[in-house]
Amino acid sequence: MIRVAVIGGTGTTGRLVLEGLTAMRGATPLCAARHPDHRPAGARLPRHDDPGSRPGVPGVEYRRLDVLGDRRSALAALEGIDWAVVCLGPFEHLRARAQELCIEAGVHYLDVNDSIDARRDTVALDGPARAAGVRVITGCGLCPGISTMLLGALAGRADWPVESVTSDLIVGAGQPVGAASLTSMLLSLTGEVRARRAGTVVRVPATVDRSVRVGGIRTRYLVGYECPDIDVVQRIVPGVSSYSYRVCFEQLPGFAVDLVHRLSEYGRGWGIGVSERGRARRARTVAALAGCAAGIATALNRRRGRQADPAVLSIALHGRDGQTLRGTVTGPSSYRMTAACALSVLRVVTEEVDRVPAGVSELDRLGQDHRAIWAELSRFGIDAPDITGSTRESAPMRTGKNDRQGDQSVTGVTK
Ligand SMILES: NC(=O)c1ccc[n+]([C@@H]2O[C@H](COP(=O)([O-])OP(=O)(O)OC[C@H]3O[C@@H](n4cnc5c(N)ncnc54)[C@H](OP(=O)(O)O)[C@@H]3O)[C@@H](O)[C@H]2O)c1
């Protein structure tokens with residue numbers, strides 16, 4: 001039995017991971033949270049040690065852990081833990097604090113980080129992690145995570161030089177909304193985002209593209225966004241010089257996106273929020289607004305009792321001579337896909353832990369076979385990638401569960 005602590009297990013993503021862990025054979029789940037009494041969004045279940053009063057996931061031990069708080073009590077909260085699945089947020093703010101604590105406590109670490117800066121801070125901890133014999137796996141959510149594996153699946157099939165990569169995500173409406181995710185989204189929409197142009201990472205003002213098709217679905221808008229895949233794309237797709245990422249949050253009406261975007265453009269024009277202090281003030285204001293908005297959106301969705309709409313991730317490789325190769329993955333909702341990826345990677349790596357080296361790893365460099373992770377993802381209703389376009393004909397990707405036993409069933413084949 002391994003003991004797995006979900007750090008940030010009271011959050012929207014963390015709660016889903018925690019619930020998934022209770023069903024995972026061989027794992028004893030714990031929740032390590034800043035406010036263990038915080039009602040997990042959407043949960044109406046009694047806390048195991050105090051039935052009837054405080055809600056939580058039954059059968060789960062709750063411990064107090066503030067990663068920015070006292071170091072000694074944080075380390076004490078990690079005692080006896082084998083693996084931590086880290087669903088804190090926003091990572092832009094917390095950076096690599098949880099990683100440092102886990103390395104110091106000798107706890108293996110896996111996260112759903114989606115911040116470029118937190119990823120860079122994590123990669124810089126490779127030396128200490130190796131020295132401590134701790135495995136740190138970063139970027140195991142939807143983007144990066146499923147997106148990183150999809151990039152790998154596409155790269156293996158393009159037999160022409162790839163010039164650029166575009167990654168688009170539709171986040172369906174009707175799901176609980178996490179404050180941390182909403183903060184990241186609003187900061188992108190009101191500020192600058194990083195994209196790769198001519199081989200270099202540059203900052204560009206946030207863009208809003210209207211009426212675009214993503215995986216066959218017409219979206220109202222796509223907002224320029226950031227993803228740590230920007231730092232690994234050249235490793236996965238050799239020779240690529242441009243990368244951009246855009247997201248549509250279907251929950252947000254187009255007019256609201258336009259309004260926020262225009263206001264922030266005017267603000268920048270007037271020099272508001274561009275200085276270091278201005279940015280910090282903007283981040284604080286956005287975090288406070290996001291906290292309220294996330295609570296209202298989650299409550300409204302729950303009251304309406306509507307099912308979450310699926311999330312659609314579509315990545316395209318574009319060739320120098322006009323070729324395009326596109327892969328699309330669809331899943332139950334963006335949060336569920338994020339939690340499913342973390343759980344799938346955890347399951348695969350803990351089954352063959354010796355194949356994961358001590359130090360910092362990312363999904364493109366993990367010793368494990370991605371097919372095993374795709375097979376796990378299929379248990380969560382996440383379709384194998386559907387790949388279309390001009391491709392290498394050989395080696396179709398196999399993602400069926402039976403692949404590990406050599407079954408010939410093939411899904412996600414090139415159309
Ligand atoms: N890779 C992907 O595709 C992907 C997708 C979705 C989300 N994410 C990322 O996942 C993270 C979680 O998102 P979410 O929307 O689920 O967030 P959320 O609902 O706001 O939950 C955030 C969690 O972090 C906890 N937390 C914050 N600061 C802490 C601290 N100092 N010490 C301990 N716990 C702390 C919060 O605890 P309190 O209850 O005490 O505030 C809460 O449990 C975010 O960073 C988000 O950007 C990644």
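This is a predicted model: local features need pLDDT of at least 70, side-chain atom pairs count only at pLDDT 80 or more; totals for chains, interfaces and linings use all residues.
**View 1. The shell of residues around the ligand.** Let's start with the ligand, which has 33 residues around it; Gly11, Gly89, Gly141, Gly178 and Ala180 come nearest. Of the elements, α8 provides the largest share, with four residues. Sorted by class, the shell holds 14 nonpolar, 16 polar and three charged residues.

**View 2. The packing of α8 against α11.** Here α8 meets helix α11 (residues 276-304) at an angle of about 130°, and their axes are 8 Å apart. The two helices are therefore oblique to each other, and their crossing is right-handed. On the α8 side, look for Ala179, Leu182, Thr183, Leu186, Leu187 and Thr190. Their partners in α11 are Arg282, Ala283, Val286, Ala287, Leu289, Ala290, Gly291, Ala293 and Ala294. This contact of α8 with α11 comprises eleven nonpolar, three polar and one charged residues.

**View 3. The packing of α1 against α12.** Our last stop shows α1 and α12, packed at an angle of about 50° with their axes 9 Å apart. That angle makes α1 oblique to α12, and the crossing of α1 and α12 is right-handed. From α1, the residues in contact are Thr12, Thr13, Leu16, Val17, Gly20 and Leu21; from α12, they are Tyr335, Arg336, Thr338, Ala339, Ala342 and Leu343. Together, the residues joining α1 and α12 divide into seven nonpolar, four polar and one charged.

Methods:
Residues are numbered from 1 along each chain as its sequence is written. A residue is near a molecule or strand if its C-beta atom, placed from the backbone, lies within 6 Å of it. Ala, Val, Leu, Ile, Met, Phe, Trp, Tyr, Cys and Pro count as nonpolar, Asp, Glu, Lys and Arg as charged, and the others, Gly among them, as polar. Axes are lines fitted to C-alpha atoms, for helices over the stretch in contact, and angles run from 0 to 180 degrees between N-to-C directions. Angles under 35 degrees count as roughly parallel, over 145 as roughly antiparallel, 65 to 115 as roughly perpendicular and the rest as oblique. A crossing is left-handed if the near helix is turned anticlockwise from the far one by less than a right angle, and right-handed if clockwise. Two residues are in contact if their C-beta atoms, placed from the backbone, lie within 7 Å.
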